Amino acid sequence: MRSAPETARTGRSPSERGPAARDSKALCNDILAWHDEAKAEEVVPIDLKGKSSIGDFMIVASGRNERHVGAIAEQVQRKLKEGGHGNARVEGLEACDWVLLDVGDIILHVFRPEVREFYNLEKMWSGERPVDAQH
């Protein structure tokens, strides 16, 4: 039986998310190493704990062109599957301007440089959460 809040937050129950749900920091470190192996550029990990319920970490990276973006995403997807982390949900592989991989508590974005600059996710998610005004 699925836990309603957990399933609503991530789209998957903890058992469907596998090992990533238990140790997202270690998996994040593995994913960062895989980005390095794939020669991803300007890789930026963002800690989302306390900022959002969409996950624990976001990783934003660039590829040099469409082929490189696709290759990075496919390599990370393959390594996740080989590591027993199930099938990541993937969007954007058709065009490879912006590929998103949802690994449960970790969200990966791989962009072409121009697209990354336009959306500027790092600025949106890296800032501190505003403090509520006290009355």
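Colleague: How does α4 pass α5, and which residues in α4 meet which residues in α5?

Modeller: Please keep in mind from the start that this is a predicted model. Two packed helices are described by the angle between their axes and the distance between the axes. Here helix α4, which covers residues 24–37, packs against helix α5, residues 66–82, at an angle of about 140 degrees, and their axes are 10 Å apart. Angles over 145 degrees would count as roughly antiparallel and those from 65 to 115 as roughly perpendicular, and α4 and α5 are therefore oblique to each other. The crossing in which α4 passes α5 is right-handed.

Turning to the residues themselves, α4 contributes L27, I31, W34, H35 and E37, and these meet I72, Q75, V76, K79 and L80 of α5.

In soluble globular proteins, nonpolar side chains tend to be buried together. The largest nonpolar core of this model has 22 residues, and those that touch the most other members are L27, I31, L80, V103, I106 and L108. Two or more residues of this core come from each of α4, β2 (57–62), α5, β4 (98–102) and β5 (106–111), while α5 gives the most, with 5 residues. If you select I31 and leave aside its neighbours within four places in sequence, you will find I31 in contact with V76 and L80, and also with I59, I106 and L108.

Not counting residues up to four places away in sequence, Q77 touches A88, V90, L93 and L101. The C-alpha atom of Q77 is separated by 9.9 Å from that of D102, although Q77 and D102 are 25 residues apart along the chain.

To return to your question, then, α4 passes α5 in a right-handed crossing, and L27 and I31 of α4, together with L80 of α5, are among the residues through which the two helices meet.

Methods. Residues numbered from 1 in each chain as written. Predicted model: local features only at pLDDT ≥ 70, side-chain atom pairs only at ≥ 80, totals over all residues. Heavy atoms only, no water. Axes fitted to C-alpha atoms, helices over the stretch in contact; angles between N-to-C directions. Helix = DSSP H or I, 4+ residues; strand = E, 2+ residues; numbered from the N terminus. Parallel < 35°, antiparallel > 145°, perpendicular 65-115°, else oblique. Left-handed = near helix turned anticlockwise from the far one by under 90°. Contact = heavy atoms within 4.5 Å. Core = buried A, V, L, I, M, F, W, Y, C linked by side-chain atoms within 4.5 Å. Buried < 20%, exposed > 50% of the residue type's maximum accessible area, 1.4 Å probe, protein only.
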